Amino acid sequence: MPNVAQSTETTDWVSRFADEVIEESERRAPGKPVVVASGLSPSGPIHLGNLREVMTPHLVADEIRRRGYEVRHLISWDDYDRYRKVPAGVTGIDESWAEHIGKPLTSVPAPRGSAYANWAEHFKAAMVASLAELGVEFDGISQTEQYTSGAYREQILHAMRHRGDIDAVLAQYRTKPKPADQKKQQAKQKPVDEAELEAAEGSGAAAEDDGSSGAAGYFPYKPYCGNCEKDLTTVSSYDDDSTELTYACTACGFSETVRLSEFNRGKLVWKVDWPMRWAYEGVIFEPSGVDHSSPGSSFQVGGQIVGIFGGKQPIGPMYAFVGISGMAKMSSSRGGVPTPADALKIMEPQLLRWLYARRRPNQSFKIAFDQEIQRLYDEWDKLAGKVADGSALPADVAAYTRAVGTAAGELPKTARPLPYRTLASVADITAGHQDQALRILSELDPADPLGSLDEARPRYDRAEAWINTHVPADQRTIVRDEPDAELLKSLDEASQQSVRLLLDGIADHWSLDGLTHLVYGVPKVQAGFSADATPKELPPEIKTAQRSFFALLYHLLVGRDTGPRLPTLLLAVGQERVRKLLGE
C-alpha cells in the first residue's frame with residue numbers, strides 16, 4: 001500500500017494527526033512503539049457512534065504503520081464497568097435482568113440463547129467480528145482481567161495514597177457547571193439528525209459517581225460486594241500503612257474489612273481509572289466524544305489527574321456524533337441501535353471505512369440505511385473512477401486509499417463493482433431467484449457479460465440484504481402478470497406512439513446503456529428532436545414529457561407511478577414479457 005502522507009502532501013486530517021503523534025511519541029518514549037487507544041463498553045450493542053471511537057485512532061495508527069513505525073492500537077474493553085440498566089430491544093432478556101444492576105458486566109448472564117459466557121463477551125464478540133471485517137488491527141485489553149489479576153494494584157494503592165490530591169482536582173468541578181447546564185450545552189452541540197448515536201455510552205462515560213463518600217472522606221476506589229457482587233458499596237475507612245479497607249454494601253447489608261494490597265474485587269472510579277490507564281499504557285493518542293469536552297468532563301479532568309500517576313494526557317481530538325438516516329431515533333441504552341454488523345450487512349467494508357475516513361473527527365455525518373445508500377454508492381464509485389484516472393483531489397485520494405485497505409494490504413473487494421442501485425433493483429425484481437439475477441446482470445454489458453454472480457459479490461449480497469431488510473413491502477417491485485387492458489385501451493394517440501417507438505427500438509438497444517438512451521430518447525423524437533440531443537439543446541418541456549412517459553411505462557409494467565430505473569426494469573422483465581405488457 002502507498003505512503004498516503006507522501007501522496008497527499010499531508011492535506012488530509014489523518015496525516016496531520018500522524019505527524020503530531022509521531023513527534024509526541026518520540027518526545028515521550030523514543031524508540032518505543034507508538035501507542036494509540038480506544039475504549040469500548042460492552043454494556044449492550046456497540047453501535048455505529050461507538051465505532052468512531054475505534055476508527056479515528058485506527059486510521060491514524062494505520063498511517064503511522066505505513067510510514068514504517070511500530071504501533072499498538074489498544075482497545076480497552078470496559079467489561080469491569082457496572083451493569084447500569086436493562087436495555088430495551090435486546091432479544092433474549094427481560095426485566096429479571098434488573099437484579100444484576102450494579103454487578104460487573106462480566107458477572108451478568110448473557111442473553112438467553114447466547115453462546116457466550118456472560119453479557120460482556122456476548123456484545124464484545126459482534127464488535128470483534130465487525131472490526132476484523134473492517135481490517136482494524138488492535139490489541140484487546142479486558143479490564144476485568146486487569147483488575148482481577150492485580151495488574152493495577154500499585155496504581156490503586158497510589159491513587160488511595162494520593163486521594164486528597166485527586167479530590168482537590170475533582171472539587172474544582174463538582175459545583176460548576178451544574179449537570180443541567182452540561183446537558184443544555186451538549187444538546188446545543190448535537191446535530192439535529194434523524195438518529196443520533198451517543199458515543200458516550202460506549203467509551204466508559206457511564207454516569208458513575210466520582211468516588212466521594214461523605215463523612216468518611218474521599219476514596220477513588222469502589223469495591224464490588226463480596227456477597228452480592230454489586231458496587232453499591234461505601235468505603236468507611238482506609239489505612240495507608242496496612243492498606244486495610246472497610247466497606248459496607250447498601251444493597252444487601254454485607255460488610256467486611258480487606259487488605260487492598262491483596263484485594264482484587266473492585267476498581268477505580270471512571271474519572272480516575274481513565275487517566276491511570278493513560279499513564280500505565282503510555283497512551284499518546286486517544287480521541288473522545290463531544291460529551292467529554294465540557295468543563296468537568298472525564299477527558300478534561302483526566303488531563304489534571306494523569307500527572308498524579310506520572311503520566312501525560314494523550315493528544316485527544318473531540319469527535320462529533322454519527323447520525324443515521326432511515327431508522328428511528330435510538331440510543332444504545334434503549335436497544336435496537338444500529339451496529340457495525342448491521343451496516344456491514346448492507347454495505348461493503350470499504351464504503352463504511354470511507355464514511356469515517358473522509359470527515360474530520362469533529363465533523364458529524366450520517367450513515368444511510370434508506371434510499372440515501374444508493375446515492376452514497378454512486379458517489380463512492382465516481383470517486384473510484386477519479387482515483388483511477390488521476391483526476392481526484394489529494395485529500396479524496398487519501399480517504400479512498402484508507403478505505404480500500406490498510407498497511408497490511410487491500411481489503412477483499414467485489415471483482416465487478418456494478419452500480420449498487422442497479423444490483424438493488426435486480427435483487428428487488430428477481431426476489432431471490434439467482435439465475436434470473438445472473439441473466440439480467442449478464443445483459444447489462446453484452447460486450448463483457450457477467451459470467452457468474454460471484455463476480456458481483458459481495459456487493460450484490462449487500463444490495464439484496466438492503467432490499468430485503470430496509471425497503472418497505474409496499475415499495476417493493478411486483479411486475480404485472482397480465483397487461484393492463486383498460487389502461488392500454490384509454491391511451492391517446494401520442495401515448496400510443498411513444499409506446500410504439502419504444503417497442504420498435506427495444507431489440508436494437510437491449511443493454512443497460514442502450515435502453516437508457518432509448519427511454520430518454522423517445523420523448524425527444526416525438527417532439528421532433530434527435531434522440532442524441534443534449535439537455536442544453538432541448539426546451540424545458542421535454543423533461544416534463546420524459547417524466548410522463550416514464551410514469552406511463554411504470555403503470556403498464558408494475559402498476560405504480562415509480563419503480564427501479566427503467567432500463568434495469570426492462571432488462572429484468574425481459575423482451576418477450578415487456579412486449580406483452582406494453583400491448584404488442
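Biologist: Why are α20 and α21 called oblique to each other?

Modeller: The axes of α20 (512-526) and α21 (residues 541-558) cross at roughly 125° and come within 9 Å. Axes are lines fitted to C-alpha atoms, for helices over the stretch in contact, and angles run from 0 to 180 degrees between N-to-C directions. Angles under 35 degrees count as roughly parallel, over 145 as roughly antiparallel, 65 to 115 as roughly perpendicular and the rest as oblique. The two helices are therefore oblique. Helices here are DSSP runs (H or I, at least four residues) and strands likewise (E, at least two), numbered from the N terminus.

Biologist: Which residues of α20 and α21 meet?

Modeller: V519, Y520, V522, P523 and K524 in α20 meet I542, A545, Q546, F549 and F550 in α21; contact means heavy atoms within 4.5 Å. The residues of this contact divide into eight nonpolar, one polar and one charged, where Ala, Val, Leu, Ile, Met, Phe, Trp, Tyr, Cys and Pro count as nonpolar, Asp, Glu, Lys and Arg as charged, and the others, Gly among them, as polar.

Modeller: A word on the source: this is a predicted model, in which local features need pLDDT of at least 70, side-chain atom pairs count only at pLDDT 80 or more, and totals for chains, interfaces and linings use all residues. Residues are numbered from 1 along each chain as its sequence is written, and side-chain values use heavy atoms, with hydrogens and water left out.

Biologist: How do you know that the span of α21 agrees with its 18 residues?

Modeller: The expected span is 1.5 Å times one less than the number of residues. For α21 that gives 26 Å, and its end C-alpha atoms are 26 Å apart, so the two agree. Just after α21, G559 takes a positive phi of about 75°.

Biologist: What makes T243 buried or exposed?

Modeller: Buried means under 20% relative accessible area, exposed over 50%, and partly exposed in between (1.4 Å probe, protein chains only). T243 has 8%, so T243 is buried. T243 lies in the loop between β6 (233-238) and β7 (244-249), and has a positive phi of about 65° although it is not a glycine.
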